[in-house]
Structure formats: structure tokens, C-alpha cells
Amino acid sequence: MTGLVSWRRDDDVAVITIDNPPVNALSHPVRAQLLEAVTQAHADPAVGAIVFACAGRTFVAGADISEFGKPPQFPILLDVIARLEQFSKPLVAAVHGTVLGGGLELTLACHFRVADRRTKLGLPEIKLGLIPGAGGTQRLPRLIGMEHAAPIILTGDPIAAPLALEVGLIDEIADGDVLPAAIVFAHRAARAKLAIRRVSEMEQKLAALRGKPDAFAAIVAPWSRAKLDAPKAAIELLRLALTAPFAEAMREERAVFMRLMAGEQSKAQRYLFFAERAAGKHPALKPAEPRNVAQAAIIGAGTMGTGIAMCFANAGIAAVLIDTDADAVARGMTSIEKQYESSVARGRLTADEKMRRLALISTATSLSAAKDADLIVEAVFEELEIKKSVFRELDKIAKPGAVLATNTSYLDVNEIAKATGRPEAVIGLHFFSPANVMRLLEIVNAKATDPAILAAMFALARKLGKVPVIVGICRGFVGNRMLQVRSEAIEQCLLEGALPEEIDAALAEFGFAMGPLAVSDLAGLDISWRMRKANSLRAEIADALCEAGRLGMKNGKGYYRYEAGSRRGVPDPAVKDIIEQASARLGISRRAFSADEIVTRLITPMIEEGRRLLSEGIAHQASDIDLIWVHGYGWPAARGGPMYYADTLKR
Ligand code: 3HC
């Protein structure tokens, strides 16, 4: 058989190979050919066992997402999987790369699983606004127990092969190539007539939880307050694994999967999946030699600088954190240690990994420590003259070929580049705070930036686990320019009658994890106050709050009041007074605002600004703007991003 799926015999083992580059997605022809191949192999009397493997860089990374939302084509994956599981000859999955979604569900239909040591296995459907739709919600808890299955399904994060072995998701890790190891395993299974293990029939791991709703509730507690449809549905389906027979729960899983697929939330999240890939097709990104960044240097040990140093260490890249102020360096290192310590305490990092990452971060108080760096990221005070003087110095110190990046959020990268004798080496890398958490990286393509450096920084950003988006130069680039118009709209709504808690509630209801004014309090109101003063701008209410000594959470009062030690703001009558006085000063009569009106008033100008950014060529495509707002500013993924949202309003 030729095509996307082929099979051959190795003694008494049939080896079925899926070859559907790039990620072996289970498209319709793959499903059809797979079923045909396995049926043929199974019918061959010389075959005692069957191995499933994939050609190329990965085992099946899931169902074919580009088929979603279209009428199903038969055989559907669910049926293929059900058929496979019932075969009477042992089926062994030989997996490598990223075994995701329908790919993992395919392995769960097999009777045994052997993995390459570097394999990652997961069910990322939740990130697409879906639930696993080919048995994952029912088979995974049966195979590895609810306590291990629930986080895999509800976070969507994959687990590595060693952990998969520990929890019983795989039976063996291959020391060398996985395929020969799986063939040996299959020979053994065929000859020893190993009992077929059908996951759908495994009840033992769930038995202890049946009839114990409290124990189940404790396992899913971290997600029990989820607002989105997919996590809510996933919890119900996991509950069903304990309360309903397998076949009945499977029918429900299918119905829920189809319902979610047709829903607006999943549509938006699937759009974002493709938007991330589209960002990598920016016309300025030319094929280029990969550039190795083995040593990074970060200038400035403030919040941004420390976060950026952690980004590098987290990706295994050595980073030297430089600040001429020795106290700032010491404070920066203490903060880094504390953050890693807290990740260890929360079980997100092992103590060994913490030590490994810390060992990658060194400190210095002289810029000369950047002399060996392949990449230098400047994260000093946001003032053009200061940045230019740093770049003048760096130009003298940096080795030939080093990339000189600025983390400026607003300033003209062309001007900064001019301070050096090598503007082609200068680029903007705009990280978002906290830099080790937020996934967005705006990559600012300056006039003289070498295209090879642009491509290298884009690739590096992905290695750092970021969502990189290329932007052009203007004040605030894409994200902050849109943020600025939203801030102006907020001021206007406050002046006309809305209150901070109403604005925050409206956007929280829209889907933002935190309202914009609570975010301002968290960041500190003085930051934008200083910037406004430097640019002779006034924001009547925001300035009045700062003038009244209300700087945000850090001094217990901003748009809200904070009790000592609390991060939860409460509405403060003093703020209402300040706002009402501002309205009166400007002669604006106040009126009531509905949540809908607030949302429209805040989001419409953002969309208009987004369109201007597109027409000016600062943003290349609407989906880039959406990625920026989702990954840098907390725009709810289930709403796709501001430009996507604008399109939904037209429907
Ligand atoms: N379906 C269709 N296309 C896919 C795909 C999928 N599941 N996964 C990746 N692709 C495409 C990408 O769009 C991209 O196409 P392009 O080159 O035209 O832009 C190409 O494959 C390569 O993908 P990446 O650029 O992302 O390659 P990477 O090597 O960086 O990453 C990956 C590989 C980790 C597999 C990543 O692509 C990924 O996470 N894919 C999605 C995995 C996923 O969500 N699977 C679950 C699907 S839902 C499901 O299975 C439902 C089931 O329960 C019924």
C-alpha cells in the first residue's frame, strides 16, 4: 500500500507507518488508510502483533485542525479508535516527538505504548476551546488514574516520557531508536501471548473514586471556577468517567466535542492557533542561517531585566545581569531566587532545576561584562538619552556579530540604533511584564535591522517559549498604542459617570482576568504619570489620583483602597469624590453607564487604532494584533483578539 499510511512485515510483526508531514495530523485520508492498513495487517495470518509508528519529526500531533468546523468525513477518528482497540492481536504504539490530542488518543486505543526518551505526550484540546473528542476523557483516567489525568486534560500541558512511564501512560522508554524497541516489544507480546490490555476495560484505577464525589471535587478543584465552556465540559466528562458506563460516557463525549467545536469560543481559539503560525510568515522574515545564542547579557536589573534574565535561564541559556548599581543587582538576584523558590514550593519546578537555572544567571556591575555576549538586551530606564548612552557604550564593548536589543516600550528604535556604529545589529525586543510569564514578544524591526538578525531573534523567541510578533516603529508600537487609546477611553467614561469598579466589572465579564484599573493599581499609577509629565500630557483623573498620593497597590491606594497585606482592592469613596470633582472641573454632567456601553466605548477606539496600525504598516496583519492583545494584555483568548472580535460584530 502506498500513500500516507503504509505497512510492512518484520518477521511476525506488522509495522504500520503514518507519513503525513509536517506533524502527521489525522486528516481524513490518513484515517481511512490507517483503518485499511491495520485491517489488512490484522488479517494476515503471519502477523502476530502490530506496531504503529510515524515517519518524520513526530508521532501524530492530533486530529487535523483544518478539518474542524466542516462536516465530518467518515471514518471519524472516534470510530477508527474504537475499531482498533477491539483487534485481538496486540497493538503497540511506537511514539516520538509530540504525541498530542488525537495522536495520544490513538495510542490509548493500542494495547501497549513504547516511547522515545524525549517524547512529550498530552491532550491540548482545551487550548483550542475543545475537549479530547476521541475517547481521551474516558480512557486517560482509566489508564493512569483521575489524579494524573485531570491536570493533563484541564491544563492541556504535555508531560515528558519519564513522567509518563511513572504514571503508567507508557509501558517502556526506548534507550535507542524507538521503532526497533517497539518491534522487539511486539515480538515478545506476540510470542508470549501477552494478555491484550484494552484501556476502555480498565476499571481498577477509578474504583477507589467511585461514589466519592468529594474526592473527585478535590482533584478538579483548581479548575472548578473556570468560566469557559471547555474546562466546564471537561470536568463533567471526567465526572462521567466515574458515574456512567464507558459506552454512554463516550456518546456524551462526542456530543460535547461537536457542540464545543461549533461554539464561538473554540472558533476563536482555533483562529489564534493559526494566527501564531501566520505570525511566522511575515514578509520581512527571510530564510537565514540559525544563530546560536549561548550567552546573553541583560542591562538593567529592575523588574524587566530580572524577568528577562529568567527567560533565558529557563531556556537553558546563560545570562549575565548587569547593573551599575550593586544594590539593584543584589535586589534583582534576590527576586529571581524568590520566584524560583516559589515555583519549587508550588511543585512547578524541581529543586535541581531551580539550581540549574540559577547557575545560568551571573551578575556584574560593569557593562564590560557584556563583552562575550551573543545577545545584549537593554532594559534600563525608559528615556531616550539614557538608552542612547547605554548603546554608545555597548557599541564599544560588544563583540563583532553580537545582537544589540532594546526592551523599550515606546521609544524610537531607529534613534537608539543611530547611537551605535552598527545600526544593522540593533533591534527591539519588547518583553511584557512579568517577562518570565507573559508570552508576547514584540520584535521591533528597525530601519537598518539586518534581516538575518530579525529571523534569528524570531527563532530565538520561539525557543524561549514566547509568541513573537514583528512590528514596525511608532510610539508604543502596536500593543501600547492601542493601550493608550483604551486608557483615554477609560478616562472619558470615568469623567462622564462610570466608576472604576463598573469599568473593571464590565471588562471582567467580557473575559479579561483582571479589570484595567485593577491592573493599573498593580503596575503602579506613577509610571504612566511620569510618562505623561515628560510628554506634557494630562489625564484629569489619573493625574488627580497621583497628585492625591494614590500610587496604586504599592502604597495601599490607587483606583481602589487596599487593606494591609491584601491584593484585593475595594471601592473607595475618596476616589469617587476625586472623579466627581474632575467631572465638575471640566463641566461634564455625569450619567449611568451599562456594562455593554462600557465595553463598546473601550473597545471601539482600540479596533479603530488597530485598523490605523494596519494601514500604516506598523502591524502586518490583523491576526498579529490579536496575538499581541491576547498574549501581552490579557485579552480573553475565547474572544480571539480585538480585530477578530470586530469581525464577529459584523456577523
Ligand atoms: N492539524 C492541522 N495542522 C497542524 C496541526 C494539526 N493538529 N498541528 C500542526 N499543524 C500545522 C501547523 O499549522 C503548521 O502549518 P504551516 O506550516 O502551514 O503553518 C505546521 O503543521 C507545523 O506546525 P508548527 O509550526 O506548529 O510546528 P512546530 O514544530 O513548532 O510544533 C506541534 C509542532 C507541537 C505539533 C504544534 O504544531 C502543535 O501544538 N500542534 C497542535 C497540536 C494539537 O492541538 N493537537 C490537538 C488537535 S485537536 C484533536 O486532536 C481533537 C481530538 O481529540 C479528536
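The paragraphs below lead through selected residues of this predicted model, from its backbone to its surface. Residues are numbered from 1 along each chain as its sequence is written, and side-chain values use heavy atoms, with hydrogens and water left out. Because the model is predicted, local features need pLDDT of at least 70 and side-chain atom pairs count only at pLDDT 80 or more, whereas totals for chains, interfaces and linings use all residues.

Isoleucine 16 lies in strand S2, residues 13–18, where strands (E, at least two residues) and helices (H or I, at least four) are DSSP runs numbered from the N terminus. With a relative accessible area of 0%, isoleucine 16 is buried; buried means under 20% relative accessible area, exposed over 50%, and partly exposed in between, with a 1.4 Å probe and protein chains only. The C-alpha atom of isoleucine 16 is separated by 41 Å from that of alanine 221, which is 205 residues apart from it along the chain.

Threonine 408 is also a buried residue, at 1% relative accessible area, and is found in the loop between strand S14 (403–406) and helix H17 (413–418). Its side chain reaches the backbone nitrogen of leucine 411 at 2.9 Å.

Most residues other than glycine have a negative phi, and most peptide bonds are trans. The bond from phenylalanine 74 to proline 75, however, is cis, with omega near 5°, and proline 75 sits in the loop between strand S3 (49–54) and helix H2 (77–86). Serine 433 and proline 434 are likewise joined by a cis peptide bond, with omega about -10°, and proline 434 belongs to the loop between strand S15 (426–431) and strand S16 (440–444).

Positive phi values are found at phenylalanine 477, near 50°, and at serine 536, about 50°. Phenylalanine 477 lies between strand S17 (467–471) and helix H19 (479–496), in a loop, and is buried at 0% relative accessible area. Serine 536, in the loop between helix H22 (525–534) and helix H23 (540–547), is instead exposed at 69%.

On the surface, Arg277, Lys281, Arg439 and Arg462 gather in a patch of positive charge; charge patches are made of residues with over 30% relative accessible area and no salt bridge, like charges being joined within 9 Å. A salt bridge is a side-chain nitrogen of Lys or Arg within 4 Å of a carboxyl oxygen of Asp or Glu. Arginine 462, found in helix H18 (residues 451–463), counts as partly exposed because its relative accessibility is 42%.

Methods: Patches are made of residues with over 30% relative accessible area and no salt bridge: like charges are joined within 9 Å, nonpolar side chains (Val, Leu, Ile, Met, Phe, Trp, Tyr) within 5 Å. Accessible areas come from the Shrake-Rupley method with a 1.4 Å probe; for residues, only the protein chains shown count as cover. Lys and Arg count as positive and Asp and Glu as negative; His and the chain ends are not counted. The place of a charge is taken as NZ of Lys, CZ of Arg, CG of Asp or CD of Glu. A polar contact is a pair of N or O atoms within 3.5 Å; within protein, one must be able to donate a hydrogen and the other to accept it, and residues adjacent in sequence count only if both atoms are side-chain atoms.
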